[in-house]
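Work through these exercises with the model open beside you. Try each task before reading its solution.

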Amino acid sequence: MRSRTADWFECKIRYEKTMEDGLQKKVVEAYVVDALSFTEAEQRIMEEMSSYISGAFEVSDIKRAAYKEIFFSDEETADRWYKAKLQFITIDEKTDKEKRSNVNYLVQAGTLNGAVRNLDEVMGGTMIDYVIAAVAETTLEDVFEYKKKEKEAVPEYEG
């Protein structure tokens with residue numbers, strides 16, 4: 001398991017997909033990209049999807065994700081994305097009352113139980129008291145992390 005904190009954007013792509021029976025069907029698929037702005041998110045999702053989709057497609061929606069951190073799994077069977085809501089438990093020193101703060105995460109796993117197991121694996125290494133309040137499967141197809149592009153070779157000036 002590894003985790004990545006960034007500014008994530010959920011993007012929806014609309015295009016005509018060839019189904020298993022050979023028919024064309026208009027579909028909308030959701031993806032997540034790591035970007036600094038809505039403009040960059042649109043550019044990044046278009047770049048990523050142009051290598052997977054032949055033909056025209058449009059970005060039909062972009063919104064900021066409700067999570068800042070994503071837990072990536074190395075397992076071959078981890079092909080689904082789960083949204084997890086954790087509650088961190090702290091004690092207010094003045095009132096001695098328990099306070100819970102909600103934090104959302106995106107977790108990659110093959111099953112719901114696998115998502116819970118992955119959450120416990122990552123959070124077990126911390127000193128924070130937490131409760132898993134909710135875990136639900138999403139309709140996300142994939143997550144695209146930012147990758148630094150190789151600098152293009154600049155020809156040297158020969159004068």
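Strands here are DSSP runs of E, at least two residues long, and are numbered from the N terminus. The model is a predicted one.

**Exercise 1. Compare Arg-14 and Lys-68.**

Solution. 
- Step 1. Arg-14 contacts Val-27, Val-28, Phe-57, Glu-58 and Ser-60. Lys-68 touches Arg-4, Thr-5, Ala-6, Asp-7, Trp-8 and Asn-104.
- Step 2. Arg-14 and Leu-86 are 72 residues apart in sequence and 32 Å apart in space. Lys-68 and Val-103 are 35 residues apart in sequence and 9.0 Å apart in space.

**Exercise 2. Find the buried face of helix 1.**
Which residues of helix 1 are buried, and what do they pack against?

Solution. 
- Step 1. Check the span. Helix 1 covers residues 38-50, 13 residues in total. Its first and last C-alpha atoms are 18 Å apart, close to the 18 Å expected at 1.5 Å a residue.
- Step 2. Pick out the buried residues: Glu-40, Ala-41, Arg-44, Ile-45, Glu-48 and Met-49.
- Step 3. These residues cover an arc of only 150° around the axis, which puts them on the same side of helix 1.
- Step 4. Recall the geometry. An α-helix has 3.6 residues a turn, so residues three or four places apart point the same way.
- Step 5. Name the partners. The buried residues pack against strand 2 (8-18), strand 3 (24-34), strand 4 (57-64) and strand 9 (140-144).

**Exercise 3. Repeat for helix 2.**
Identify the buried residues of helix 2 and the strands they pack against.

Solution. 
- Step 1. Helix 2 (residues 112-123) has 12 residues and should span 16 Å at 1.5 Å a residue; its end C-alpha atoms are 17 Å apart, which agrees.
- Step 2. Gly-114, Ala-115, Asn-118, Leu-119 and Met-123 are buried.
- Step 3. Viewed down the axis, the buried residues fall within an arc of 160°, so they line one face of helix 2.
- Step 4. That set packs against strand 5, strand 6, strand 7 and strand 8 (129-137).

**Exercise 4. Trace the largest nonpolar core.**
How many residues does the largest nonpolar core have, and which elements give two or more residues to it?

Solution. 
- Step 1. The core has 16 residues. Ile-13, Val-33, Ala-41, Ile-45 and Met-49 have the most contacts inside it.
- Step 2. Strand 2, strand 3, helix 1 and strand 4 each give two or more residues. Strand 2 supplies the largest share, four residues.
- Step 3. Zoom in on Ala-41. Beyond its neighbours within four places in sequence, Ala-41 contacts Phe-9, Cys-11, Val-33, Ala-35 and Ile-62.

**Exercise 5. Classify a ring pair.**
Are the ring planes of Tyr-31 and Phe-144 stacked or edge-to-face?

Solution. 
- Step 1. The structure holds five aromatic pairs.
- Step 2. Planes under 30 degrees apart count as stacked. The rings of Tyr-31 and Phe-144 have centres 5.8 Å apart and planes at 25°, so this pair is stacked.
- Step 3. Tyr-31 is in strand 3 and Phe-144 in strand 9, 113 residues apart, so the pair links distant parts of the chain.
- Step 4. Both residues, Tyr-31 and Phe-144, are buried. Ring pairs join Tyr-31, Tyr-52 and Phe-144 into a cluster.

How values were computed. Residues are numbered from 1 along each chain as its sequence is written. This is a predicted model: local features need pLDDT of at least 70, side-chain atom pairs count only at pLDDT 80 or more; totals for chains, interfaces and linings use all residues. Side-chain values use heavy atoms; hydrogens and water are left out. The expected span of a helix is 1.5 Å times one less than its number of residues. Buried means under 20% relative accessible area, exposed over 50%, partly exposed in between (1.4 Å probe, protein chains only). The arc is that of the directions from the helix axis to the C-beta atoms. Contact means heavy atoms within 4.5 Å. A nonpolar core is a set of buried Ala, Val, Leu, Ile, Met, Phe, Trp, Tyr and Cys residues joined through side-chain atoms within 4.5 Å. Rings of Phe, Tyr and Trp (its six-membered ring) pair if their centres lie within 6.5 Å; planes under 30 degrees apart count as stacked, over 60 as edge-to-face and the rest as tilted.
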